[in-house]
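Here's a quick briefing to read alongside the structure. Have the viewer open and follow along by topic.

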Amino acid sequence: MAVKQFIIQNRLPFEIITPKENEAMAADDAVALDHLLAPEFTLTHMTGYVQPRAEWLRELRLGTMHYFSAVEDHVEMVATATGWHIVGQNRVTASIHGGGKHVWPLNTVLVVERLDGRWQIMSVVATMY
């Protein structure tokens, strides 16, 4: 309900908090993610590895990282001076580097800012919860 209210009040980057990123990940849609991710985007994995944007998108295209779904359990948004921090707990089903299909309960922190007139994801940090 809070998410909907923030959208109505035009206080939230609608195109980011809609399920676009989760849908794009589940479809391994590197083209859609390419549009949502800032050029300097990084993904910090639960292992602590900080992966550059180009490397992550390449792994999606090659199938070495394959996401099946991401189900949100909870999402909280915090406005910052330059955009938003979106903190969510979700269950991500994926096959990473041939390790088989697993479900990980992940806490993800997205940093979102407006660049060139559109909202873009600057970084994602994923940890287990």
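## A charge over a ring

Lys101 puts its charged end over the ring of Phe68, 4.4 Å from the ring's centre. Keep in mind that this is a predicted model. The rest of the briefing covers the sheet and then the aromatic residues.

**The sheet as a whole**

- There are 6 strands in an open sheet, and the order runs β2-β1-β6-β5-β4-β3 with mixed pairing.
- The edges belong to β2 (50–52) and β3 (65–79); each has a single partner strand, so one side of each goes without a neighbour in the sheet.
- Going from one strand to the next, the twist averages 25°.

**How the strands pair up**

- β1 (residues 37–44) and β6 (residues 118–128) run parallel and are joined by 4 bridges. Here Thr44 sits opposite Val125 in β6.
- On β1 you'll also find β2, running antiparallel and held by 3 bridges. Thr42 has Pro52 in β2 as its bridge partner.
- β5 (residues 101–115) runs antiparallel to β6, with 10 bridges between the two. Leu115 is found opposite Arg118 in β6.
- β5 and β6 make a hairpin with 2 residues between them. In that turn, Asp116 has a positive phi of about 50°.

**The aromatic pairs**

- In general, two numbers describe a pair of aromatic rings: the distance between the centres and the angle between the planes.
- The structure has 2 aromatic pairs. In one of them, the ring centres of Phe41 and Trp56 are 5.9 Å apart with the planes at 35°, so this pair is tilted.
- Phe41 belongs to strand β1 and Trp56 to helix α5 (residues 53–62), so the pair ties together parts 15 residues apart in sequence.
- Trp56 also pairs with Tyr67, and this one is edge-to-face: 6.2 Å from centre to centre, with 75° between the planes.

**The cluster and its burial**

- Put together, Phe41, Trp56 and Tyr67 form one aromatic cluster.
- Are Phe41 and Trp56 buried or exposed? Both are buried.
- Trp56 has a relative accessibility of 2%, and with buried meaning under 20%, it counts as buried.
- Tyr67 counts as buried too, because its relative accessibility is 8%.

Terms used:
Residues are numbered from 1 along each chain as its sequence is written. This is a predicted model: local features need pLDDT of at least 70, side-chain atom pairs count only at pLDDT 80 or more; totals for chains, interfaces and linings use all residues. Side-chain values use heavy atoms; hydrogens and water are left out. Two strands pair if DSSP finds at least two bridges between them. Axes are lines fitted to C-alpha atoms, for helices over the stretch in contact, and angles run from 0 to 180 degrees between N-to-C directions. Rings of Phe, Tyr and Trp (its six-membered ring) pair if their centres lie within 6.5 Å; planes under 30 degrees apart count as stacked, over 60 as edge-to-face and the rest as tilted. Buried means under 20% relative accessible area, exposed over 50%, partly exposed in between (1.4 Å probe, protein chains only). A charge sits over a ring if NZ of Lys or CZ of Arg is within 6 Å of the ring centre and within 35 degrees of the ring normal.
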